[in-house]
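Visitor: Hi, could you walk me through the charged pairs and the sheet in this one?
Guide: Happy to, let's bring it up.

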Amino acid sequence: MPSFKFVQQFLEPFKPTGRKRGSKKAAASNTVDLPASKLKNLHHFVRGTWQHGYAQAWTKVRKVYFPYNLKGSHWVAIELDFVRHTATVYDSYIDYMKRSKLVTLLHPISDTLARVLFDMHFYDESEVEEVKQKGLTMSMYTPFSVCIIADVPQQRDG
C-alpha cells in the first residue's frame, strides 16, 4: 500500500471557514484552495503518477484506504468509496473524541478532497463503470458523507 501520509500533507494545513447549515453553496465555501505545489502532488497521487512509483491510479479502483492522523496524536483508517461517495472512518478508540469533532477534523477529506476530485474530473475519467455512473448523478461538487463504523475492535488503554 502506498504511503498516504503524503495525502494528508497535501490537504493540510486546513482552516475551515464559516458555513451556513443546509446550503450547498455554504458546503462549497468550506473547502480550501490548496497551494499549487500541494495540488499538483495530490493530482499525482490520484492519477498514480507519484514520483516514487508506488501509487495506483485511483481511477482504476472503487475504493481507496489510507491512515489518517487526527490532531497529531490519534490514527484512524479511512475508506473512500467513490460509488457510495462516502468517507468511512474505522477508529479503534472511539472514545478518543466526540463524533462531531471527528467530522470537523475530517473536512480535509470530506470537503477539500471531494472538491479536488470534482475539479479534476475524476469521475469522468474513472475506468470503473460504477464510479463513472456515480459521477453522472453528481451535477455539481458534493462533499463525501462521513460515516463512522462503531463495530470495530476497541483499544482499552488508548
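Guide: We'll take the salt bridges, then the sheet.
Guide: This is a predicted model, in which local features need pLDDT of at least 70 and side-chain atom pairs count only at pLDDT 80 or more, while totals for chains, interfaces and linings use all residues. Residues are numbered from 1 along each chain as its sequence is written, and side-chain values use heavy atoms, with hydrogens and water left out.

Visitor: How many salt bridges does a search of the whole structure find?
Guide: Five. A salt bridge here is a side-chain nitrogen of Lys or Arg within 4 Å of a carboxyl oxygen of Asp or Glu.

Visitor: Which residue does R62 meet in a salt bridge?
Guide: D81, at 3.3 Å from N to O. The pair links distant parts of the chain, 19 residues apart: R62 is in the loop between helix 3 (36-47) and strand 1 (63-70), and D81 is in strand 2 (residues 74-81). Helices (H or I, at least four residues) and strands (E, at least two) are DSSP runs, numbered from the N terminus.

Visitor: And is D81 buried or exposed?
Guide: D81 is buried, at 0% relative accessibility, whereas R62 is partly exposed at 27%. Buried means under 20% relative accessible area, exposed over 50%, and partly exposed in between (1.4 Å probe, protein chains only).

Visitor: Which residues are linked with R62 and D81 in a network?
Guide: R84 and E130, through salt bridges.

Visitor: What about E79, what does it form a salt bridge with?
Guide: With K63, the closest N and O atoms being 3.7 Å apart. E79 sits in strand 2 and K63 in strand 1, 16 residues apart, linking distant parts of the chain. E79 counts as buried at 5% relative accessibility, and K63 as partly exposed at 32%.

Visitor: Okay, new topic. In what order do the strands of the sheet come?
Guide: The order is 1-2-3-4, in an open sheet of four strands with mixed pairing. Two strands pair if DSSP finds at least two bridges between them. Strand 1 and strand 4 (145-149) are the edge strands, each pairing on one side only.

Visitor: How many bridges join strand 3 to strand 4?
Guide: Five, and strand 3 (residues 86-90) runs parallel to strand 4. For a spot to look at, A87 has V146 in strand 4 as its bridge partner.

Visitor: Last one: where does D119 lie?
Guide: In helix 5 (residues 107-119), along with R115, four residues away, about one turn of the helix. D119 and R115 form a salt bridge too, with their closest N and O atoms 3.7 Å apart.
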